[in-house]
Structures are given as structure tokens and as C-alpha cells.
Number of protein chains: 2
Amino acid sequence: MKGRRLGEFALIGRMAERFRHSHPRVLVGIGDDAAVLEVEGGRVVATTDSLVEGVHFRWDLCRPADVGFKAVQVNLSDLAAMGSKPLAVLLGLCLPDDITDRQVLELADGVASASRLIAPVAGGNVSRTPGPLVVTVTALGVLDGGDCLRRDGARPGDAIMADGPIGSAALGLRLLTTRPRLARRYPSLVAAYRTPCASVDLGVELAEVGGVHAAIDVSDGLLADLGHVLHASRVGARLDADLVPIADDARAFCAEMGLDPVDAALAGGDDYRLVAFAAPHAVPALEGLGMTRIGEVIRGKGRFELFRGGRRVPMPPSPGYSHR
Amino acid sequence: MKGRRLGEFALIGRMAERFRHSHPRVLVGIGDDAAVLEVEGGRVVATTDSLVEGVHFRWDLCRPADVGFKAVQVNLSDLAAMGSKPLAVLLGLCLPDDITDRQVLELADGVASASRLIAPVAGGNVSRTPGPLVVTVTALGVLDGGDCLRRDGARPGDAIMADGPIGSAALGLRLLTTRPRLARRYPSLVAAYRTPCASVDLGVELAEVGGVHAAIDVSDGLLADLGHVLHASRVGARLDADLVPIADDARAFCAEMGLDPVDAALAGGDDYRLVAFAAPHAVPALEGLGMTRIGEVIRGKGRFELFRGGRRVPMPPSPGYSHR
């Protein structure tokens with residue numbers, strides 16, 4: 001991809017055109033020192049996450065628009081995991097010298113597509129870098145009247161409820177890196193990896209339904225993310241791996257590849273589905289929202305009982321990904 | 001610097017210890033999916049900016065703590081330029097493989113030092129990168145009752161008021177890169193470059209004093225940043241360069257080096273002082289806040305009249321820095 005090279009301010013202007021959808025909450029948007037947002041009062045929720053070229057994405061596996069789209073969704077997912085309604089996002093780009101204007105604008109299209117109807121792009125910044133592309137999104141939301149879904153609120157007896165399917169993103173990555181020709185037959189796996197959609201509405205509903213004590217989004221992998229909640233809440237869990245919701249495409253791809261789709265669901269990451277920890281009385285309501293009961297919270301910090309086929313099995317080794 | 005290597009979560013834990021100062025506004029801090037902040041309602045201000053190794057800083061010119069400190073100040077300065085009171089910051093780190101735990105924790109010390117009493121670190125994220133260190137700070141603030149100091153509010157007849165001194169940071173960088181042995185004799189220049197302090201209180205006062213129509217912080221350079229306001233406000237300016245506040249150390253260093261301190265003030269950047277555009281009746285109040293009148297807004301978009309020694313002089317070529 002080649003093309004005329006815009007300067008920093010012209011490039012920002014061209015990106016801003018893509019984000020220009022007036023929104024009553026955005027009092028001051030792109031082009032000033034900072035964004036100003038109208039908030040009715042109460043609790044503001046804020047999160048930030050970066051996608052780094054070569055770590056979180058590879059150009060041979062996804063397009064610029066996918067990267068922009070995913071960078072927003074990853075952050076909206078963190079808002080959802082708090083039960084928060086999105087308000088706006090900020091976009092920070094560290095641009096390597098060899099990225100073209102066209103790639104940057106395609107990336108901006110992906111950002112606009114993910115944010116347009118949910119959380120307008122209200123500001124950000126652009127910088128050069130001698131290294132890889134870094135796309136940083138900050139998402140801001142509000143907690144209206146609902147509960148704040150922290151990680152440290154799970155209690156013994158709580159049902160562990162999963163928003164499915166889980167494992168598809170990790171299988172999509174595996175497909176793209178080992179059997180790219182199968183991409184056409186399993187488009188849902190490829191999409192789960194490239195362009196995941198955060199459970200924005202579900203997060204707000206979980207905060208409003210009552211009885212949800214904790215929640216997290218599955219980004220590091222189901223077992224790893226469950227572990228974060230158990231650690232913060234000082235409790236244990238009993239998990240029935242057979243109940244974890246798995247997509248039909250995931251089962252079919254695994255059958256073809258000789259893989260275990262349950263392993264993919266337990267250890268994989270990047271799904272951005274929600275897991276909620278709820279009082280038993282809230283289970284029917286959560287099932288009504290499409291969630292599946294996959295286990296329960298038990299006493300004992302760090303205790304983890306994993307069941308498959310009705311039998312207790314050992315934990316898989318080192319689930320999750322460490323950035324250090 | 002060598003040392004035991006902590007994993008991602010242990011490292012985050014060690015950093016979080018440095019940021020652990022309970023604050024009533026931070027309802028949920030580090031360790032959850034997102035931060036939750038108490039806001040009394042009204043207007044929330046948000047800004048994000050990154051410092052990239054090799055672009056915004058070099059390890060031979062500053063220490064890890066300086067980088068962390070500056071990353072916060074740069075963002076607090078953007079809040080100040082909107083007239084906003086800081087609320088909290090988020091810290092995003094992209095860590096190269098060769099950075100040591102000790103360097104990361106020193107950087108966190110710098111972040112803590114800049115944020116502790118002003119805007120607690122309420123969250124963030126850590127990622128690996130195959131490239132240079134990227135430190136991204138997002139700063140959140142509120143506009144209580146005061147004006148919002150936008151870039152597009154300057155009006156013909158407004159006085160242009162500068163918070164001084166200006167130019168010291170650019171001279172500090174020049175000193176460090178060309179005459180490092182002079183660092184001991186001009187510590188204020190070195191500090192202006194390495195550890196600038198945002199005009200946090202002044203920003204809030206400008207919003208409250210009444211009659212301030214626009215403001216910006218000097219990050220790209222005085223002329224470049226003035227240009228941003230003039231462009232957004234569709235007005236021109238007459239600037240008396242002799243009135244721009246310049247530090248004694250800057251004058252002395254320039255005399256020794258055969259440099260013009262006024263040129264450094266006009267073209268330099270990284271000062272993080274505020275420039276306000278205010279109705280004439282507000283000038284005494286702004287002078288009472290330590291600001292200096294350096295010019296006035298005139299009609300005519302893009303018109304820029306620069307005076308030195310009572311005479312009009314041509315504009316210096318291409319002030320400011322482009323990240324593209």
C-alpha cells in the first residue's frame with residue numbers, strides 16, 4: 001500500500017471525519033486539549049488497553065480495520081464486565097514510519113465502526129514510533145443505577161454463569177496460523193478472533209438484574225480469568241467443563257483437527273464473553289439473558305475443582321498469557 | 001540494571017503498592033476490569049498522551065522516574081488547558097523485553113510522585129512489546145462550575161496571556177544533548193525538560209476567574225500552539241516576542257552559547273505552561289495569577305503579526321513538531 005503522505009494534523013483531520021457523528025454527551029470532541037463529556041452524576045468507569053503489533057495482532061492474520069475494531073471492543077468489554085454503559089472512547093496511536101495513510105485510515109474506519117453507535121470517539125493523540133504500531137483505546141462509561149460488578153464480590157454458593165460461546169477466538173487464531181485454507185468453512189471462528197464484539201448490553205443488564213455479585217470478561221482465558229475473580233474474592237470454584245458453552249463451528253473444527261474444544265475454551269483467550277457470579281435466585285433471569293450455568297463458587301481461597309464427564313480432573317498447566 | 005524478573009501480575013502488584021493511597025473519589029481502583037470514580041455530575045474531561053522511547057525521551061538524557069513523572073504531567077497539562085480539576089489517571093505501559101523490573105518500578109515511582117496528591121492512579125494495563133517503551137497516561141478531570149477553556153473561543157481584542165517561563169524545556173534538551181557538563185550550572189533548564197510541572201492550579205483558576213475565552217498549553221512550541229488556537233477560533237494575533245516570559249537561567253545559558261532565548265521560547269516545545277486568551281477586563285486578575293500579557297487577538301483568520309524590538313519581523317520557519 002502506497003500513497004500520498006499526510007502530515008500529522010492532516011491525518012488527524014481525515015480520521016476525525018470518520019468519527020464525526022455529533023453526540024449530545026460529547027460537549028467538546030476531537031481537536032481540543034481534551035474531551036469534555038456530559039455526565040449526569042454518579043459513577044464514571046474508565047479503562048484502557050493497547051493492541052501491540054507482533055504481540056496482540058499480526059498483519060498477515062488481520063486487516064487494519066480489524067485491529068481498530070478490536071481495540072475498541074476489548075475496552076468496551078472491560079466496561080461491560082463492570083456493568084457499565086459506554087459513554088465515549090479516546091484513541092491513541094503510535095504510528096511506525098512504514099505505515100501508510102491508507103492503513104491508518106482503514107484502522108480508523110474499524111474504530112468508527114465499533115464505536116459509532118455505542119461510544120463516540122471524543123479525542124486521542126497520534127505519535128511517531130520507531131517500533132511497532134500500538135493502538136491504545138481508553139473507554140469511559142457510567143454506572144447509572146445498577147450494581148458495580150467488581151471482581152471481589154463472588155460468594156460461596158454463587159452460580160458461575162457464562163455468556164457463550166467460549167474458545168472460538170483461540171480456535172480462530174489456531175485456524176489462521178495452521179490451516180488458513182479452512183477460514184472459509186469456519187468464518188465464525190475467524191470472526192471471533194479478528195472482530196470480537198463485546199457484550200455491551202449484557203453487561204448493563206447484569207448490573208440491573210439484581211443478585212449478580214461479580215463479573216469478569218474472558219480475555220486471558222476462561223480458567224485464568226476465573227482465577228482472577230476467585231483470588232480477588234478469596235473463594236474457590238467447582239467448574240463443570242462439559243457445561244461451558246461451545247460453538248458448533250468450534251466443535252466441528254476440533255473434530256476435523258483432532259483437538260479438544262473444551263481445552264480450547266478453558267485455556268484460550270480473546271473471547272470477550274462475560275462470566276457472572278450470581279446468587280442462585282438470579283440464575284433464571286441470567287438464563288433468560290442467554291447465559292449458561294457452568295459451575296459454582298465454593299469456600300476456600302484458591303480451591304479449584306474441575307470436572308469433566310462427571311469426574312474430577314487435574315487443572316491444565318499454566319492457563320492464560322503473561323505480558324512479562 | 002539487572003534483577004529478578006517478576007511476572008506480569010507480580011509486577012503490576014508491585015507497581016500498585018506505589019499507587020495505593022486511598023482516595024474517596026476512587027470507588028474501584030487497580031485490580032479490576034476498569035476503574036470506577038465518583039463524580040458529582042456535570043462535565044468530565046478526558047485526555048490521553050503517550051511518551052515513546054526514542055521519540056519523546058532518550059535513556060541517555062533522563063531516568064525512568066523522569067519519564068513516569070513527565071507522562072503524568074503532560075496529561076495534567078492538557079486538563080489544565082481546559083480549566084479542569086484532575087480526578088484520576090490511568091497508566092498504560094508497553095514494556096520491551098529488555099526493560100528491567102527495577103526500571104519499571106522506578107518509572108512507577110515517577111508516576112506516583114506526579115499523581116499522588118493530585119490525581120490518583122486508578123487503573124491501567126501492562127503489555128509486552130517488541131519495540132520501544134511506550135508510556136501512555138489517560139487523565140480524567142472535572143469542570144466544576146467554571147468555564148470550559150476551549151481552543152475555539154478566542155475573540156478579536158482578547159489579551160494573550162502567558163504563564164511563564166517559556167523556552168526553558170527546549171534549552172534544557174539542547175543543553176543535555178550538546179553541553180551536558182553545563183547541567184549543574186543550569187539545573188532549572190534540565191528540570192524544565194526532564195520533569196516539567198503542569199499548571200494544574202492555574203488552569204482551574206483561569207476557568208473560575210471569568211472572562212477567559214480560550215486556553216492552550218505549550219507543548220508543540222509557543223507559535224505552533226498559538227496557531228492551533230487562532231486556527232480553531234478563526235482569528236489572528238499580534239505578538240510582542242519581547243514580552244514572552246523567559247527564565248534568568250535561559251537568558252544566561254543563551255548568552256554563553258550565543259543563542260537567542262526568544263527564538264527558543266517561540267519555537268521550542270515541551271514547556272507545559274498555559275496561554276490564555278482573555279477579555280481586557282480580566283487582564284489584572286490574570287496578572288495577579290502570575291501571567292504576562294504577550295500580545296492580543298486581531299481579526300483575520302491566519303493573520304499573525306510578530307514584533308521584536310518594536311518592529312514587525314517575519315515568522316520563523318515551520319515551528320512545532322509533526323508526528324507524521
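These are my notebook entries on a predicted model with chains A and B.

**Entry 1: ground rules.** I treat this as a predicted model, in which local features need pLDDT of at least 70, side-chain atom pairs count only at pLDDT 80 or more, and totals for chains, interfaces and linings use all residues. Residues are numbered from 1 along each chain as its sequence is written, while chains are lettered from A and ligands numbered from 1 in the order in which they are written.

**Entry 2: the two copies.** In chain A, Gly41(A) has the C-alpha nearest the axis, 1.6 Å from it. I also looked at the contact residues (contact: C-beta atoms, placed from the backbone, within 7 Å). Of those in chain A, 100% recur in chain B, and the same surface serves both copies.

**Entry 3: the sheet.** I took helices (H or I, at least four residues) and strands (E, at least two) as DSSP runs, numbered from the N terminus. Two strands pair if DSSP finds at least two bridges between them. In chain A I found an open sheet of seven strands with mixed pairing, in the order β8-β10-β7-β11-β9-β12-β13. β8 and β13 (311-313) stand at the edges with a single partner strand each, so one side of each is left without a neighbour in the sheet. The twist averages 30° from one strand to the next. Angles here run from 0 to 180 degrees between N-to-C directions, and axes are lines fitted to C-alpha atoms, for helices over the stretch in contact.

β9(A) (residues 236-240) and β11(A) (residues 291-298) run antiparallel and are joined by four bridges. Ala237(A) stands opposite Val297(A) there. Helix α2(A) packs on the sheet, touching β8 and β10, and its direction makes about 170° with that of β8(A). Helix α7(A) (residues 222-233) packs on the sheet too, touching β8, β9 and β10, at about 140° to β8(A).

**Entry 4: strand β10(A).** How many residues of β10(A) are buried? Five of its five residues (274-278) are; buried means 20 or more other C-beta atoms within 10 Å of a residue's own, with C-beta atoms placed from the backbone. Leu274(A), Ala276(A) and Ala278(A) point one way, and Val275(A) and Phe277(A) point the other way.

**Entry 5: helix α3(A).** I checked the length of α3(A), residues 101-115. Its 15 residues should span 21 Å at 1.5 Å a residue, and the end C-alpha atoms are 21 Å apart, which agrees; the expected span is 1.5 Å times one less than the number of residues. Its buried residues include Val104(A), Leu107(A) and Val111(A). The buried residues of α3(A) pack against α1, α2, β4, β5 and β6 of chain A.

**Entry 6: Ala250(A).** I found Ala250(A) in helix α8(A), residues 248-257. Ala250(A) is buried, with 28 other C-beta atoms within 10 Å. Pro261(A) is eleven residues away in sequence and 6.4 Å away in space, C-alpha to C-alpha. Beyond its neighbours within four places in sequence, the contacts of Ala250(A) include Pro165(A), Leu171(A), Leu189(A) and Pro261(A).

How values were computed. A residue is buried if 20 or more other C-beta atoms lie within 10 Å of its own, exposed if 12 or fewer, and partly exposed in between; C-beta atoms are placed from the backbone. Two residues are in contact if their C-beta atoms, placed from the backbone, lie within 7 Å. Copies are superposed by least squares on the C-alpha atoms of residues with pLDDT of at least 70 in both.
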